[in-house]
Amino acid sequence: MNRNSLSKSIMSAGFFLLTITLGFGQFIESGKIVYERKTNLLKIPNLPPFLKQIAEEKKYNVDEFVLTFNENGSVFVPKAAMTNNPADMLSTKNTVYSNHVTKDRMTMLDMMGNKIFIQDTVNKISWTMTDNTRKLAGYECRMAIYRKNDSTNLYAWYAEELVPSVGPETFSGLPGTILGLATEDGGVVYFAKSVEFTKVEDSAFKYDTGKTKVYTKQGFADEITRQMGNTPMAKGMIAGFFRWY
């Protein structure tokens, strides 16, 4: 084969590979996703009377979060901090740091400006795969189901084009990135609004607890009970924080 023929063969092969890439989409390993979370306040159980009245008046809380990720880690952050508005007490605004290599996780709870850190490991969720699909944020997603118990199901939609196994809050474990998440009763629904491909350094996932005490899940639940007793409000707070943890 002469040099001209070889050059044409290489160009043809390159064009063929480019066509395949464009035809099947680009696999994304790092970027940022903006999620909208809608919480149906009327479906929160065991609320004390004053919070139940607020829930009945407002009906929904709508919040936005940003998930920044690469193949080594991720951080899930609310776009707006908690306020002193009592309605903010009806839905959490947690920041979640996940290490994909060590499987460690740190959750920072925002309790009216007070930061509480909870050390844990990444959830091991037994997902049931389905053939159902839907398009979210421009990506074709497959649906998976998490059956926590006989009465509680969680539905997730994940995009295989987004490589890291990440998602909103503490959810992961699927062969792609979760762009949609919903409880069976519609009490809490997450949907991705946008996906941005960008280079993300591991430094984005660093955090500093400073001198703040770091709890385990059980340690934090014990602390709430110690301060508030075995009251309905204490039980509701614990259930709200750790419903899916």
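Trainee: Why does Ala137 count as partly exposed?

Mentor: The model is predicted, with local features needing pLDDT of at least 70, side-chain atom pairs counting only at pLDDT 80 or more, and totals for chains, interfaces and linings using all residues. Residues are numbered from 1 along each chain as its sequence is written, and side-chain values use heavy atoms, leaving out hydrogens and water. Buried means under 20% relative accessible area, exposed over 50%, and partly exposed in between (1.4 Å probe, protein chains only). Ala137 counts as partly exposed because its relative accessibility is 31%. Ala137 belongs to the loop between strand E7 (127–136) and strand E8 (139–149); strands (E, at least two residues) and helices (H or I, at least four) are DSSP runs numbered from the N terminus.

Trainee: With which strands does E3 pair?

Mentor: Two strands pair if DSSP finds at least two bridges between them. E3 pairs in the antiparallel sense with strand E2 (residues 60–69) over five bridges, and with strand E4 (residues 95–99), also antiparallel, over four bridges. Phe69 stands opposite Ser74 in E3, while Gly73 has Asn99 in E4 as its bridge partner. A hairpin of three residues joins E2 to E3.

Trainee: Is strand E3 mostly covered or mostly uncovered?

Mentor: Strand E3 (residues 73–78) is mostly covered, with five of its six residues buried.

Trainee: Where does Glu29 lie?

Mentor: Glu29 lies in the loop between helix H1 (3–24) and strand E1 (31–40). Glu29 counts as partly exposed because its relative accessibility is 44%.
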